[in-house]
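Please look over the sequence and the three-dimensional model shown here before reading on. The report is meant to be read beside them.

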Amino acid sequence: MERTEYFDTLETRSSEEREIALAAALKAQVAHAKANAPFFVEWLKDVNPATVTSRAALARLPILRKADLSEVQRKNRPMGGLLSVPLAEVQHIFMSPGPIFEIDTAEKDYLRGARAMYAAGFRAGDIVHNTFSYHLTPAGLMMEAAARSLGCAVVPGGVGQTELQLDAIEAIRPGSYVGTPSFLKILLEKADDLGKDISSIRKAFVSAEALPPSLRQMFRDRGISAFQSYGTADVGIIAYESQALEGMIVDEGVLVEIVRPGTGDPVADGEVGEVVVTTFSKAYPLVRFGTGDLSAVLPGISPCGRTNMRIKGWMGRADQRTKVKGMFVDPAQIALIARRHPELGRVRLVVDWVDQQDVMILKAELIGGSDDVAKAVEGNIQSICKVRGRVEFVAPGSLPNDGKVIDDVRKYT
């Protein structure tokens, strides 16, 4: 396919160049975090930053998971000791559900949305209608900062007030939309009902929810090219679509790992696991931040010519903790059972409701599992999970590759 313009030369460097640059940045970021963020002084107390110069070395560091971030921040309001610059350098403090707090600074495009918008076709002189929230959460200001850094003028639409937003679009004639795909659909359908002309919109940069193929086609039928990005409030943009529409390209400002849920162990390319991100922000350094989201690496490089790792995008949540017979069971416990039995392949705990009671079955890939092995595995289920469960051996490769470690199929009738 015809090559597109690139945001900068970082997008087309060789893998070797990128890994050399990441190795240097990793070492510097770990040193910076330990020197300036009180949380990391303790969290990484046994880590020598000079040794963290590769993905393999990074994989030996602990993961700070988003599920634990609220408690970390609660102990040291508001940022949990993760802030590594004086508060005088902080421009906003946001609050997301949890509550979890995030920041931005006066740094241009602090949460790194410009590269992704550029890949979606946004250019200087565009008028962008931004429908993400400006209230407490970072999305509205994050997207505005990205668009403005590209030289776009921004209409701060925010959320809701559909008819007023249609009036603004009809009068101002923006060529680009930013927001959720579902709200763009609402605007288009409401415009049809009210006879409003919003045909000026030809480009859409959407996030925060899935963009199913049928909805993308609906936009395409109306002359709108829609591109997705994937990110979190904590770290900003993680990956984005390009004109190739083959997976999502990892942003040049982060390092992404895909790990087995409940562990810090990287999985093989193509296997579904939890997205773990290391950022290079000097204000809010997050080293091995577990997003709780699931994805998988796509092999090869994008046909658009961008050479960074590609992922499949958001594929669900990794946090599968569930209560069985009054006890919480989580993926970390299942991972520990698997580590005690290296002869097992992929494992999956199925929780069901049978004869009015909870039942746990650990499905484990193994050829010729014996009664002795089953007894040993079941003993570890009991000792680690504090709940009895049985093991069922299945053929290697027969369990779904969907990142799910605990499958709760209970239906109460």
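This is a predicted model: local features need pLDDT of at least 70, side-chain atom pairs count only at pLDDT 80 or more; totals for chains, interfaces and linings use all residues.

The pairing of β11 with β12 (residues 273-279) is antiparallel and extends over six bridges, and Val259 is found opposite Glu274 of β12.

## Helix α1 and what covers it

Helix α1 (residues 15-36) comprises 22 residues, and the distance from its first C-alpha to its last is 31 Å, close to the 32 Å expected at 1.5 Å a residue. The buried residues of α1 are Arg18, Leu22, Ala23, Leu26, Gln29, Val30, His32 and Ala33. In an α-helix there are 3.6 residues a turn, so residues three or four places apart point the same way.

The cover over the buried residues of α1 includes the helices α2 (38-43) and α3 (55-58), together with the strands β11 and β12.

Arg112 is located in the loop between β3 (100-105) and α5 (114-119). Because its relative accessibility is 16%, Arg112 counts as buried, the limit being under 20%. Its backbone has a positive phi of about 60°, although Arg112 is not a glycine.

The side chain of Arg112 reaches the backbone oxygen of Ile237 at 2.3 Å. When neighbours within four places in sequence are left aside, the residues in contact with Arg112 are Val235, Gly236, Ile237, Ile238, Asp251, Gly253 and Val254.

## Other backbone features

Leu136 is another residue with a positive phi, about 70°, although it is not a glycine. Leu136 sits in the loop between β4 (127-130) and α6 (139-149), and with a relative accessible area of 44% Leu136 is partly exposed.

The peptide bond that leads from Arg77 to Pro78 is cis, with omega near -5°. Pro78 itself lies in the loop between α4 (66-75) and β2 (90-96).

## Aromatic pairs

A pair of aromatic rings is described by the distance of the centres and the angle of the planes. In this structure the count of aromatic pairs comes to four. One of them joins Phe39 and Phe40 in an edge-to-face arrangement, with 5.2 Å from centre to centre and 80° between the planes; both Phe39 and Phe40 are buried. Phe39 and Phe40 also form one aromatic cluster together with Trp43.

Phe122 and Phe205 form another edge-to-face pair, with 6.2 Å from centre to centre and 70° between the planes. Phe122 lies in the loop between α5 and β4, whereas Phe205 lies in strand β7 (residues 203-206), so this pair ties together parts that are 83 residues apart in sequence. Phe122 is buried, with a relative accessible area of 0%, and Phe205 also counts as buried, at 1% relative accessibility.

## Cysteines

How many disulfides does a search of the whole structure find? The search finds zero. Cys152, for its part, is in no disulfide, and the nearest cysteine sulfur, which belongs to Cys304, is 19 Å away; a disulfide would require the two sulfur atoms to be within 2.5 Å.

Cys152 is buried, its relative accessible area being 7%. Cys385 counts as buried as well, with a relative accessibility of 1%.

Technical notes. Residues are numbered from 1 along each chain as its sequence is written. Side-chain values use heavy atoms; hydrogens and water are left out. Buried means under 20% relative accessible area, exposed over 50%, partly exposed in between (1.4 Å probe, protein chains only). Helices (H or I, at least four residues) and strands (E, at least two) are DSSP runs, numbered from the N terminus. A polar contact is a pair of N or O atoms within 3.5 Å; within protein, one must be able to donate a hydrogen and the other to accept it, and residues adjacent in sequence count only if both atoms are side-chain atoms. Contact means heavy atoms within 4.5 Å. Two strands pair if DSSP finds at least two bridges between them. The expected span of a helix is 1.5 Å times one less than its number of residues. Rings of Phe, Tyr and Trp (its six-membered ring) pair if their centres lie within 6.5 Å; planes under 30 degrees apart count as stacked, over 60 as edge-to-face and the rest as tilted.
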